[in-house]
Every structure is written in C-alpha cells, then in structure tokens.
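Hi,

Here's the structure I promised to pass along. Have a look, and my notes on it follow below.

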Amino acid sequence: MSRKTIIPAASVLLSLVCASLLFLNWNPEALFRQEETPVTRNDIEQGGTEDFTGSAAGEDIPRLTGAADFSEMISGLDYATAEPVGIVPTGVYSLKPWVSHYNTRTYKGRTSTGSRRAEVSTSGLDIWGSYNPYYLLELPDHTYILAQIPQTEADAIARGESVTLPIGQKAGMTDAARSRVAAVCGEYGADMDGVFYAFDNEWQEEHHTTLLLLRFGAAALLWFVLAVGLTLAGNHIFRQKEAAKGKGANQCSKNKSLS
C-alpha cells in the first residue's frame, strides 16, 4: 500500500477508536444539572405524593452511614442520601424502568414490535443507554449496599472525591438481577434485600434523546478533527523524512564528485 493510502486509513481507524471511547464513556448529564436546588426534608413533607428520587439532597436529608441504616428504610416510602467512601462495579445492568421491554420500529407510519430486550445484562456495551448499572457502595462504616446511581457520581466516587448522592429510595430487584449479583454481594458481605435507587426516571426519560445526540455529536466531531489532524501530521512527517533523505543523497553525490 502507498503512503497516500496508509496514512489516511490509519488516521481514520485511530480516530474512530478514540471517538468510540468518548461516546461510550462520556456522560453530559452534569451539563444540565448545575443549577439544581437541593431538596430539604420540609420540601418532602410539603410535597405530598411528589417523587423526589434523584433530586439533589439538602443538608437535613438523612445520611446512610452503614448497611444497617439502609436495612431500616421502608421501600418506596423513606428518602435518604449517602456519602460513600468507595464503589465497586458489579458488571451487572438492569433495563431502565421507563425503557420499553420490546424493540420497536416504524415504517411508512406503521409501528411493529420486534425482539424483547433483556431485563438484565452483563455487557458494558450499552450504545443506546437503555441500562442502569448496579454498584456496591462502601458506606462510612465500611459496609456495602447495592445501589443504582448516576454515572457522574459513580465516576467521582471512583476518583476518590467526596460526593453526596442524589436523594434515593429503597427499591426491589428482579430474580434475574439477584442471581447475577449474588457472587459479588457475597464477596463484600452486601445484603440483596433492596437497592438504593437514586435516579429521577421522569428527568432521565425526558432528556434521554438529547443526551444521546450530544454524545454522538461530540464523538463525531472528535473523529473528524482527529482524522484530519492525524492525516495532515502524518503527511507532514513523511515529507520531512523524504526531504531529509533527499538532502542526504545530494550530499553524498557532491562528496563523490569532489573526490
């Protein structure tokens, strides 16, 4: 293969890898939540049937200091937050509550139902953002609980940052998910009787398409910029090497003619 083919092809492939990593790992959700007002216990008491799960936690929201605190929470009723000191990915993911259980497609105005989506997945390749990962949160007393929390907070905890989680509730889990996380829960001594769930499902559903388009747009831009930049840089370096070889060859010719 010639230089004119190798350099662009290699640049495109390398750029595609970098763009794919950005698309799969970048979460732009934090861009939309910078001005969120923390919710207090008074807000919850005055809110009646309003669901505060996933909201920013005020100073007076109860903190979970250990697994014992979490075990005392009443499912679907009590609200709490936590300030974890560690996090362990389980490698298990569950279908988001608002995502349809079936793939659908529309053609000429008609919508048809396709294959059923898996309730639980162990693949980290979630292109469409349809799954929430299960984590084990290490609480201040160094006990662990199962949790599903936003990626932004999960990444911050993994970096060792101090994080106050969004307001969460105790939620249940399917038998399929329970069987998949049983091994890692047993390893860390975590109870499987409930999951600390801290997602605002309504907000997530409303912004899902926007977040997906932002990720795709950023990845496409990165791919284009890197592909062009690497191609130009590769051609420039190759021309410099050719020029250096040419100068060396000319110098040798001159030396021979003088001798």
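There are 0 disulfides in the structure, a disulfide being a pair of cysteine sulfur atoms within 2.5 Å. Cysteine 185 counts as buried because its relative accessibility is 1%, while cysteine 18, at 31%, counts as partly exposed. (Buried is under 20% relative accessible area, exposed over 50%, partly exposed in between, with a 1.4 Å probe and protein chains only.)

Before you dig in: this is a predicted model, so local features need pLDDT of at least 70 and side-chain atom pairs count only at pLDDT 80 or more, while totals for chains, interfaces and linings use all residues. Residues are numbered from 1 along each chain as its sequence is written, and side-chain values use heavy atoms, leaving out hydrogens and water.

On to the packing. Helices (H or I, at least four residues) and strands (E, at least two) are DSSP runs numbered from the N terminus.

Leucine 165 is in contact (heavy atoms within 4.5 Å) with Ala57, Leu137, Ile149 and Phe196, among others, leaving aside neighbours within four places in sequence.

Lastly, an unreviewed UniProt entry lists residues 212-233 as "transmembrane region"; such annotations may be inferred rather than shown by experiment. In the model that span is 100% helix and 0% strand, with its end C-alpha atoms 31 Å apart.

Cheers
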